[in-house]
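User: Please take a close look at the charged side chains in this model. I would like the salt bridges and any charged surface patch in one connected account.

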Amino acid sequence: ARLVRFWHPCGAIVDASGDTSGLRFEAFGNLPTVLMTPQRTLDGFASVTSDSKALARIAAVELLARDNQAYLFVDWPRSVAWAQSKRTAFADILTLHGHDLTVFRPTAREMRDRPALITRLSRHLAALPRPIGVFAVTDALGAATLDAAQRARLSVPEDLMVVGVDDDTAICENCKPPLSSVRPSFRELGFTAGNLLQRLLTQTDA
């Protein structure tokens, strides 16, 4: 609310990809506002969302192309909507095809201590039947999975297939082997949010 009073903007686009439990419509007053959020829409807000089900489906199709013996989802350390929606959609697709999903969730400390993350993740991978299909919630965790596989002496793609999310070329192209990744339509999402805000501004002017 203080930021709105300070800037006096004509409208706002809000990144609501994190915890939105404290987000209140009243803080924005009569300001035309659009949320960019991966979860359900919030009462009082106009919003645009990325299609997590579509992202999970692309990853699932890639990983189901062969008959893996195990499927793993490398999760985000905290329970956040954008990770949960991908995990749920991926699990539902695997269930439809008669497969179970194992989830690996790193701790917050491991996200800051990459060697610790690699060590525990490598042990987790080594304990799974092969071949393994892995869907990592971000490219950074996909890269960590490839490093953990190398530590566990697992070969890619013979023992392990990994798909990340975001298509971050700086990460994907520097992995060995390069990381396959699903690219969200960030540009389309931004344009959609901008167009929606423009419509709200037009309605306000009218």
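**Charged side chains**

Analyst: In this predicted model, Asp-167 sits in the loop between strand S7 (160-165) and helix H7 (169-172). Its relative accessibility is 31%, so Asp-167 counts as partly exposed. Asp-167 belongs to a negative surface patch, together with Asp-166, Asp-168 and Glu-173. Patch members must have over 30% relative accessible area and no salt bridge.

Now the paired charges. The whole structure holds five salt bridges. One of them joins Arg-87 to Asp-75, with the closest N and O atoms 2.5 Å apart. Arg-87 lies in helix H3 (residues 81-96) and Asp-75 in the loop between strand S4 (70-74) and H3, so the pair ties together parts 12 residues apart in sequence. Both Arg-87 and Asp-75 are buried.

Asp-75 has another partner. Arg-105 forms a salt bridge with Asp-75, and their closest N and O atoms are 3.2 Å apart. This pair links distant parts of the chain, 30 residues apart: Arg-105 is in the loop between strand S5 (102-104) and helix H4 (108-112), Asp-75 in the loop between S4 and H3. Arg-105 counts as partly exposed because its relative accessibility is 34%. Asp-75, at 1%, counts as buried.

Helix H4 brings in a further pair. Arg-120 and Glu-110 meet in a salt bridge, 2.6 Å from N to O. Arg-120 is in helix H5 (residues 114-126) and Glu-110 in helix H4, 10 residues apart. Arg-120 is partly exposed at 33% relative accessible area, whereas Glu-110 is buried at 4% relative accessibility. Shared partners join Asp-75, Arg-87 and Arg-105 into one salt-bridge network.

Definitions and conventions. Residues are numbered from 1 along each chain as its sequence is written. This is a predicted model: local features need pLDDT of at least 70, side-chain atom pairs count only at pLDDT 80 or more; totals for chains, interfaces and linings use all residues. Side-chain values use heavy atoms; hydrogens and water are left out. Patches are made of residues with over 30% relative accessible area and no salt bridge: like charges are joined within 9 Å, nonpolar side chains (Val, Leu, Ile, Met, Phe, Trp, Tyr) within 5 Å. Accessible areas come from the Shrake-Rupley method with a 1.4 Å probe; for residues, only the protein chains shown count as cover. A salt bridge is a side-chain nitrogen of Lys or Arg within 4 Å of a carboxyl oxygen of Asp or Glu. Lys and Arg count as positive and Asp and Glu as negative; His and the chain ends are not counted. The place of a charge is taken as NZ of Lys, CZ of Arg, CG of Asp or CD of Glu. Helices (H or I, at least four residues) and strands (E, at least two) are DSSP runs, numbered from the N terminus. Buried means under 20% relative accessible area, exposed over 50%, partly exposed in between (1.4 Å probe, protein chains only).
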